[in-house]
Amino acid sequence: MAALDALGPVERERVVRQRRRGLGVVFWAAIAWIALILAVAAFANLLPLRDPDHTALLARRALPSAAHLLGTDALGRDILARAIFGARASLGIGLLAPLLATLVGASLGLVAGYLRGWIETLLVGATDVLLAFPPLVLALAIVAYLGQSVVNVIIVLAILTVPSVARIARAATLAVREREFVTAARASGASHARILLKEILPNILLPLGAFFLVLVAITIVAESILSFLGLGVPPPAPSWGSMIAEGRDSLDEAPHIAFIPAGVMFLTVLAFNLVGDTLRAITDPRRGT
Amino acid sequence: MPGLIGRRLLYLVPVILAVTVLTFLIANLLPGDLAIAILGDQATPESVAALHQKLGLDLPLWQQYLHWLGGVVTGDFGRSRNNEVVLHAIASRLPVSLELLVFAEVGGLLVGVPLAILCAVRPGSLFDRTVSAVAFGSLSVPPFMLAILLIFLFALRLHLLPATAYVPFAEDPVGNLRAMVLPGATLALLEWPTIMRVLRSDMITTLQEDYIAMARAKGLSSRRILLVHALKPSSLTLVTLIGLNVGRLIGGAVVTESIFALPGIGRLLVESIYSRDLVVLEGGVLVVAVGYVLVNFVVDLLYAALDPRIRHGRA
Amino acid sequence: MMQQCGRLRSFQIALVMLAGALALPAAAQTRGGTVTLGVEQDIAGFDPLVVGVYDTGQTATARLLFDTLTKLDDNAKPVPSLALSWSPSGDFKTWTFKLRPGVKFQDGTPLNAAAVANSFERQLDPNAHCRCAIYISFIDKVEAADDLTVVFHLKNPSPNFAALVSGTYANWPIHSPTAIQKLKEGYNRHPVGSGPFRLKSWQSGDRLVLERNPDYWDKDHVYLDEVVIRPMPDNTARFASVQSGETDIIWHDRADDILKAKKDPHLAVHEYVGSGATVYAFNTKRPPFDDVRVRQALRMALDLKTFSETLFDGLWQPAKDPWGPGSFVQCKDSGTLPYDPEKAKALLKEYGKPVAFKMVVTATPRGRQIGQAFQEMWKDVGVDMTIDQIDQTALVTKAFRRDFDLTPWRIVDAADPDIQAYANFHSGSPVNLSGYSNPEVDKLLEDARNSGDQEQRVADYCKLAQILNRDVPWFWTLDNHYFSISKPGLMGLPKQYSDIIDLSHAWWEKKKS
């Protein structure tokens, strides 16, 4: 059982219910929220927003008003603009790091699960070793020493995610490799590469995709923790984590500065978790048995 | 059973060795010269070279590793930049983190287990759906957000609990427990959903088994059936879960200890990163990583001891 | 000149006679009780050779663990502590201190002239490579003339030397030479002084417990049983702790909280307007700051009035010069550059090249906030600044290695501007961070250092301020204004000189249950 499996076991009865009723309102609401956040983040430049970095010290800590729909932060910057540009950083890192990790981790897991033997032993051992390290501490240390930049944050978070992706990919490969169509392909003399790419990969894409969504949620949280501790996206560029950290300094005087980005981030993480979990429940390989 | 322990031990040794190698590599491959970091503005080429020699930094990497490993095995983790013995720093902070983990795990179980049982009895009921939804939502809350929310509500607004009043247990037991409530609750609130979700589906499956129906037919009270016949097999799942959670909790502890000013190992690690104190970082990471491996080793054994299928089958 | 010295001497003799009277209580003090002090940073230790400099937590603790030769009274004049009397030579280059007889360190060894000399000599030892040495480099040597007489031979005249030795920053506390020799590397965390309190326990990262020293030479005027020092890096948490009573007094610098505390009848705010200022050094050895126009433009783009009034609720006022309102140096005209963004743009246009650079800030919420505020003000005049966040320790190292474009620094409150001004602005100083070299400035610094005439010195420093404000190798933002917040019943706190919270003679108005 991988550590990230903790997000939930198979819930057969829920799957049954879901099949009966379709995916449900909540699922589609989550999809809609993700789509909305992705859209505003992608087109932030085209939206009629204030400059997210423009400080107006005299207008600091303003409550939501017509001029600033979500108020201003401790330096008088527009919270709405910062939340949307923050979505760029948070989602950019939240999508790119898991994507990198999935590419590398899935390849490793696929090869190990298919070839088995010493490669598999090595991979399992290596993931056991890597998973023993507190990922957050490593991320903080590496960013602190290598320097704070978006690229470094992405690379670090991707590296730390590779072991769990590799585990999932290997498990999924193991479930597929003895199926008839693989045996048949092998019997017909297909090359390893062909079997891996044409037969096995398509069959593990769905579980990997579901896991990818959960990873996005986890990575958004991880980036926010780094930013919260001052080692994420470099200022003044907003990210949700640094917005919450800056708002925390005014928590007693103006709680909205911290709680607005916190709310946006919570909804986004929740949405990714929901979609990921639902997809996983549907595509779980154990479902059919 | 002895055979199993032997096999697991045989696996444990290389894993721990690999953990030490990796810890050493991470600490030594991070950019920055330890000698320059120690000497600061006093770093002249001569003083740096002298310190290199004193610290053994002029040796090949593998010799440095062996030297370091030899020290670690004999309990010598070196000294921090402030000349504090690193082993002491770790030893004095470990109990705080352990207390926090116990608080979090016990809190998580106290909330998670009863809710799981109540939900499993009537899956799909309004109660079950509500609790499941809340549990799912809780999983999306980052620890620092929860910590801030708790401080805001209980310390700043209601003035019910202290935010950062940590005192050693030996000095003031009541004060110690009071100070642990908010940080413990922060982690417990992140813990109960996983416990509840896993246990709930586990029990739903168990409750459909034949022997439960038999017990019902024998006329046993439903409370007895639930707590003895249904919960007992799920204890396996709980044990595994707790082992896995340790790793996640350590991550949560880093943040929680920083926010609540607990002098635990998580804060030690964060501070060592901020102050670029590699020797402390190296020692702390090693202790945490080896601790994680050992906990999971024990969990594996417990699992085997509890589950006859594993004990006799392939490990 | 001679007349001046005579006046000073007779004044000091009068003070020595007064000292006994000053120590007498003005009100009836209660004995007993504990005070818990919340400070900002974790305490690294007390051996100056290891830690280099002390921060506010260390200075407050050192005030309790150690004695200094003198202390400052409420008028910032030196009064006896370990030294019963002192006298300068006519040129202020040799200072002789007569020590209090019978004083013992907490390890039982005698505190004599040799021990005092040792405390300084080990810092000055070139082989020790102590970062602390910079601040006492003007001391040539310290010798024990007899068992109770210490003579300081200075490289330059220092009229305010007796006041300088009163602070508990790394250099001046007197350490037990026996303990240092015995404990070696371990001494840093097992400090032994002669102060009113001694170390009872130390849980690193959590608390340092000090208990009353039963053998203290002035034990009748020490009232508390215990003092607990707790590092609390988080502002919010530290303020909450004094509100809820977890701590009795905190060091604090967050404006919102200080205003709140002033309105709260359950809290008392102690404040002290010191000398010095928060300052920033340009690296004038690198472009674009090798050009005076760029430096002037950057300074003129800063709206310090709004900066002070909004982010700091006006508690810290814009600084006119590096001397500060608490200094004896008060200038009619410091030549401070005004806030003038148009002029700034014009200067940058004249410079002609785009200006982009990195500014170092501390990796704290406050550091990031200040960095972002400056960043925007500079962006308004077309300058591109990138924030480089680093930890406090790394900041100092980076600054000393000149590895920066623009770095924050601090000129702390001190009895005399000489040490820091000379260290920061003289072209021959190792701490001349800006790399600025101006013979006129050097001359003024030397003149002020070598003169015993206070009026002449004030004139020198004011002229210096005008030159520095014109050439902007450094600039100053806000005054030094030090705060602590306590429960109202905590009495006997002297002024917070050099930001040092002094609990050595504190007492509770009513017995704390």
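This is a predicted model: local features need pLDDT of at least 70, side-chain atom pairs count only at pLDDT 80 or more; totals for chains, interfaces and linings use all residues.

Visitor: What radius of gyration does chain C have, and why does it agree with a compact globule?
Guide: The C-alpha atoms of chain C fill a box of roughly 70 × 55 × 40 Å along the principal axes. Buried residues make up 54% of the 513 residues in this chain. A compact globule with 513 residues would have a radius of gyration near 24 Å, which agrees with the value for chain C, 23 Å.

Visitor: Among contacts in chain C between residues at least 6 apart in sequence, what percentage join residues at least 24 apart?
Guide: The chain contains 16 helices and 18 strands. Of the contacts in chain C between residues at least 6 apart in sequence, the share that joins residues at least 24 apart is 71%.

Visitor: Which are the edge strands of the open sheet of four strands in chain C?
Guide: The strand order in this sheet is β4-β5-β7-β6 of chain C, with antiparallel pairing. The twist from one strand to the next averages 20 degrees. Two strands pair on one side only, and these edge strands are β4 (83–88) and β6 (139–146) of chain C.

Visitor: In the pairing of β4(C) with β5(C), which residue stands opposite C:S85?
Guide: Strand β5 of chain C spans residues 94–99, and β4(C) pairs with it in the antiparallel sense over five bridges.

Visitor: Does C:T96 count as buried or partly exposed, and why?
Guide: C:T96 is placed in strand β5 of chain C. Beyond residues up to four places away in sequence, C:T96 touches C:W86, C:S87, C:T149 and C:V151. Its C-alpha atom is separated by 6.4 Å from that of C:F152, 56 residues apart along the chain. A buried residue needs 20 or more C-beta neighbours within 10 Å, whereas C:T96 has 15 inside 10 Å and therefore counts as partly exposed.

Visitor: Which elements do the buried residues of α10(C) pack against?
Guide: Helix α10 of chain C covers residues 304–311, and its buried residues are C:L304, C:F307, C:S308, C:T310 and C:L311. Just after this helix, C:D313 takes a positive phi of about 50 degrees. The elements against which the buried residues of α10(C) pack are α12 (365–379) and β16 (474–486) of chain C.

Visitor: Why is helix α14 of chain C largely enclosed, and what does its cover include?
Guide: Seven of the eight residues of α14(C), residues 418–425, are buried, so the helix is largely enclosed by the rest of the structure. The buried residues are C:D418, C:I419, C:Q420, C:A421, C:Y422, C:N424 and C:F425. Their cover includes β15 (406–411), α15 (439–450) and α16 (454–471) of chain C.

Visitor: Which element of chain A gives the largest share of the side that touches chain B?
Guide: The contact takes 40 residues from chain A and 42 residues from chain B. On the side of chain A, at least two residues come from each of α4 (117–132), α5 (135–146), α8 (192–228), α9 (240–248) and α10 (256–283). The residues on that side divide into 31 nonpolar, four polar and five charged. The largest share, eight residues, comes from α5(A).

Visitor: On the side of chain B that touches chain C, which element gives the most?
Guide: This contact takes 28 residues from chain B and 29 residues from chain C. The residues on the side of chain B divide into 13 nonpolar, nine polar and six charged. Elements of chain B that give two or more residues to this side are α5 (86–121), α7 (143–157) and α11 (265–274). With four residues, the element that gives the most is α11(B).

Visitor: Which element gives the most to the largest nonpolar core?
Guide: This core holds 314 residues, and those that touch the most other members are A:A139, A:L140, A:L157, C:L37 and C:V227. Apart from residues up to four places away in sequence, A:A139 touches A:V156, A:L157, A:L160, A:A222 and A:L226. The element that gives the most to the core, with 19 residues, is α8(A).

Definitions and conventions. Residues are numbered from 1 along each chain as its sequence is written. Chains are lettered from A and ligands numbered from 1 in the order in which they are written. Two residues are in contact if their C-beta atoms, placed from the backbone, lie within 7 Å. Ala, Val, Leu, Ile, Met, Phe, Trp, Tyr, Cys and Pro count as nonpolar, Asp, Glu, Lys and Arg as charged, and the others, Gly among them, as polar. A residue is buried if 20 or more other C-beta atoms lie within 10 Å of its own, exposed if 12 or fewer, and partly exposed in between; C-beta atoms are placed from the backbone. The radius of gyration is taken over C-alpha atoms; the globule rule is 2.2 Å times the number of residues to the power 0.38. Two strands pair if DSSP finds at least two bridges between them. Axes are lines fitted to C-alpha atoms, for helices over the stretch in contact, and angles run from 0 to 180 degrees between N-to-C directions. A nonpolar core is a set of buried Ala, Val, Leu, Ile, Met, Phe, Trp, Tyr and Cys residues joined through C-beta atoms within 7 Å.
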